[in-house]
Structures are given as C-alpha cells and as structure tokens.
Amino acid sequence: MARMGRLGRADIDPRFESDVLKYPVKLNVDACLQCGVCGGSCPVAFSMDYTPRELVELVKLGLKEKALSCRAIWICTGCNVCSDRCPEDVNPSEILNSLRALAFKSGFKVPEMFLKMMENLLSYGWIYEVDEFTNEDRADRGLPQLKPPSLDSLKKMMEATWPRGD
Ligand code: SF4
Ligand code: SF4
C-alpha cells in the first residue's frame, strides 16, 4: 500500500478492529491470509482507492482514519462475491458494511446519495418515494401495486445492524 505515506503510532487505533467486529455478523478479520482473491474477484476494485484485501489489512493494523475516510467503502456494490470466494470465511463484504456504519456513526464524510437514500428509507420505506403515478403506471403494465413495508420493522432492522458500544 505505497499510497499510505508515512505512518506513526498516532495513526493506530488499538480499538478499531474490535469496533469493526461489533457488527452483528460473523467476521473473521484475523484469519485473512492476504491472498487477494477478494480484490481479484471484485467487479469494482479498479475504481477503489483500497481493495477489499487492503481494507481488511487496514482493520487489522488499526488504521481507522484511513479505512473510514476512503472512497472504496462507498463504491462497494454489496454483490458479496468477495465473501463467497474468500477461502478463510473472512467475510470482507460484511467488513465493508461494518466500516460504512462506523464511518457514518463517527462523523466521517458520507456521500450525499447514501444520506438521501437513508432519509427516503426512513420516510417511505423505499429508497425513493413510491407515489400514485408509479402505481398507476404499474397497473397499466399489469404489475402488482407497491405497498410500503412497515417502517417499524425497517427501523428495527437498521438498529440491529448498527455497531454496538460507544
Ligand atoms: S479477505 Fe479472504 S479472499 Fe480477501 S485476502 Fe483475506 S483471505 Fe484472501
Ligand atoms: S461486496 Fe463489495 S468489495 Fe465485495 S466483491 Fe462486491 S463490490 Fe467488491
């Protein structure tokens, strides 16, 4: 990771890995072999500043600032190929989810598009407003009507995937 520049002790947050592991899904950060299968399989790695393999390493090294301020965590499409192919069940795609949640919670810059989608989800239950026109159009095409999901269950789901602790 030549682009990391000079790093010192002050750049290391010893609690970072345990914060990432608070995400309520099994993550095996320490089992990573740095084999690169995840980055080699990722369809959008070419546009990331850190590949999934490098992000796992940043977590192991405690380089919180680098990991939470990078572009890659917002470029990830969530396709899960990296986790499917990882030989050690490290679960890199969920590690990126945990990093996104921590970035938001810790006040790092979140792309406007994600903030808007969150706002819409909490208001309508969808990432965009399903209005009367949408449903009339669907009816004309013989498609079923879209009914918003329960906002309560959505909020519970969001709370359940929020990193625990302070
Ligand atoms: S996360 Fe898995 S696939 Fe990626 S470098 Fe580590 S062991 Fe290899
Ligand atoms: S889940 Fe994200 S990091 Fe993993 S392969 Fe898909 S786009 Fe790449």
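Which residues make a nonpolar surface patch of about 230 Å²? The patch is formed by F104, L115 and M118. Patches here take residues with over 30% relative accessible area and no salt bridge, nonpolar side chains (Val, Leu, Ile, Met, Phe, Trp, Tyr) being joined within 5 Å and like charges within 9 Å; areas come from the Shrake-Rupley method with a 1.4 Å probe, and for residues only the protein chains shown count as cover. F104 counts as partly exposed because its relative accessibility is 38%, where buried means under 20%, exposed over 50%, and partly exposed in between.

This is a predicted model: local features need pLDDT of at least 70 and side-chain atom pairs pLDDT 80 or more, while totals for chains, interfaces and linings use all residues. Residues are numbered from 1 along each chain as its sequence is written, and side-chain values use heavy atoms, without hydrogens and water.

F104 sits in helix α7, and R100 belongs to helix α7 (residues 92-105) too. Beyond its neighbours within four places in sequence, R100 is in contact with I73, W74 and C76 (heavy atoms within 4.5 Å).

Now for the whole chain: the protein has ten helices and zero strands, as DSSP runs of at least four residues (H or I) and at least two (E), numbered from the N terminus. Of its 166 residues, 36% count as buried.

Conventions
Chains lettered and ligands numbered in written order. Salt bridge = Lys/Arg side-chain N within 4 Å of Asp/Glu carboxyl O. Buried < 20%, exposed > 50% of the residue type's maximum accessible area, 1.4 Å probe, protein only.
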